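Please open the structure in the viewer and follow the selections below in order.

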Amino acid sequence: PSTIGPSVGRAAEETVNDVRGAINKTAKPFYDSAETVRLPPQDMARVRALPGYEDARNAVRSDPQLNRYVANLPDDSVGFLNEVKKELDRAGKAAVGPLNTQPNMQRAAGLGSDAAAVKNAATNASTDYGTALAVESVAREKYLQPLLDGPLGKLAVKDTATKDAINALFPKNPLPNSEHEIGVAVSALTKRNPAAAKDLVRAHVESVFNEAAKDLQSGANQAGGAKFRAQLIGNPQQRLNLREAVEALPNGQDRWSGFNKFLDILESTGTRQNVGSRTAYNQELLKQQATGGLVGDAIKTGANPARFGQKFIDRYEQYKLGKNLGQLADILTDSRSGDLLRSIAKSPAGSTQAQVAALKLITYYDASHRTPVEKPNK
């Protein structure tokens, strides 16, 4: 699990870099067209007179990694002045940056003013340069910055810890209408690393479950399922965000359809009677017997109604007390239970058809061998 965070972080960082690359690619033809344009002598003289120009010019020319892109361009070209502008911008940010032990706002303001003057001079010399800057500015505001401000930007950090990645996607109190951001983030992760995306969502769900269902002093937490559901999707926004995340995974809609039904079942367990109370259950069973509902349908299947009713009561009590849960797990995972499970899934919630199918699963199960026995002929 400790590898999930770094894997997700790399996928997020690659996505952000791809957006940056797409923006640069869009602006590049305009930069290429403008780079060889030269400033008029009088405009270049004003640029050279700027207090920060000489240092920025020397910083570009003396750094092989910076000068490599403009080595063949003269100092008065738009292409070279663009590099000077970027160096002035960098120096201005560094003047008040967190690594600067003596930040100086005046110096930062002066360098920013010089950078703006160089940009204006280059824009006046070439409309293509102005277009390139505008393309980058609009695209960064519309596409890049929302990613950086949202969960994907929080994930795109070197050596992201798994818990930090979970908190970035699934905060305990998510912002209203944040489901779209979650969907975008998980979709991007899925395209880059589908296994890491699935593992991250699973780690979130499982960690919530482990906390909600931990044992009590008196024993197993019988209300763990309902508590898990409440902590996982306790408010509408949490549910929307989780849905967007799950549906963004491979086969996401099918995953959410099944998991959402599972959560509804867990919610219903929170309304069951306390251990030892069978009053409400007996009343419901008597009502069904009186109307011929459940037992009437069971008779049509060839089951003995008296034995059927008592066996279901006994089994219900065992499950309610936390016993025979291994048997219930076998029922749910045995391939031969598939037809009845599909029947339950397709039937309306609470319908007689769904209930009878559930009763069949329990009644026609051989507990001693833990294998479903042959279902009776209809």
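Begin with helices α10 and α13: α10 passes α13 in a right-handed crossing (the near helix is turned clockwise from the far one by less than a right angle; helices are DSSP runs of H or I with at least four residues, numbered from the N terminus). This is a predicted model, in which local features need pLDDT of at least 70, side-chain atom pairs count only at pLDDT 80 or more, and totals for chains, interfaces and linings use all residues. Residues are numbered from 1 along each chain as its sequence is written, and side-chain values use heavy atoms, with hydrogens and water left out.

Select residues 179-192 for α10 and 236-247 for α13; their axes come within 8 Å and cross at roughly 20° (lines fitted to C-alpha atoms over the stretch in contact, with angles from 0 to 180 degrees between N-to-C directions). The two helices are therefore roughly parallel (angles under 35 degrees).

Next, display Glu179, Ile182, Gly183 and Val186 of α10, which meet Gln237, Leu240, Asn241, Glu244 and Ala245 of α13 (heavy atoms within 4.5 Å). This contact has four nonpolar, three polar and two charged residues (Asp, Glu, Lys and Arg count as charged; Ala, Val, Leu, Ile, Met, Phe, Trp, Tyr, Cys and Pro as nonpolar; the others, Gly among them, as polar).

Then select Tyr31, Asn82, Lys86, Glu136 and Arg140, which lie nearest the centre of the second largest pocket among its 24 lining residues (on a 1 Å grid over the protein atoms alone, a pocket is an open set of points where a 1.4 Å probe fits, with protein on both sides within 12 Å along at least five of seven lines; lining residues have an atom within 4 Å of a point). Two or more lining residues come from each of α1 (4-34), α5 (78-95) and α7 (127-149), and α5 gives the largest share, eight residues. By class, the lining has nine nonpolar, four polar and eleven charged residues.

How values were computed: Angles under 35 degrees count as roughly parallel, over 145 as roughly antiparallel, 65 to 115 as roughly perpendicular and the rest as oblique.
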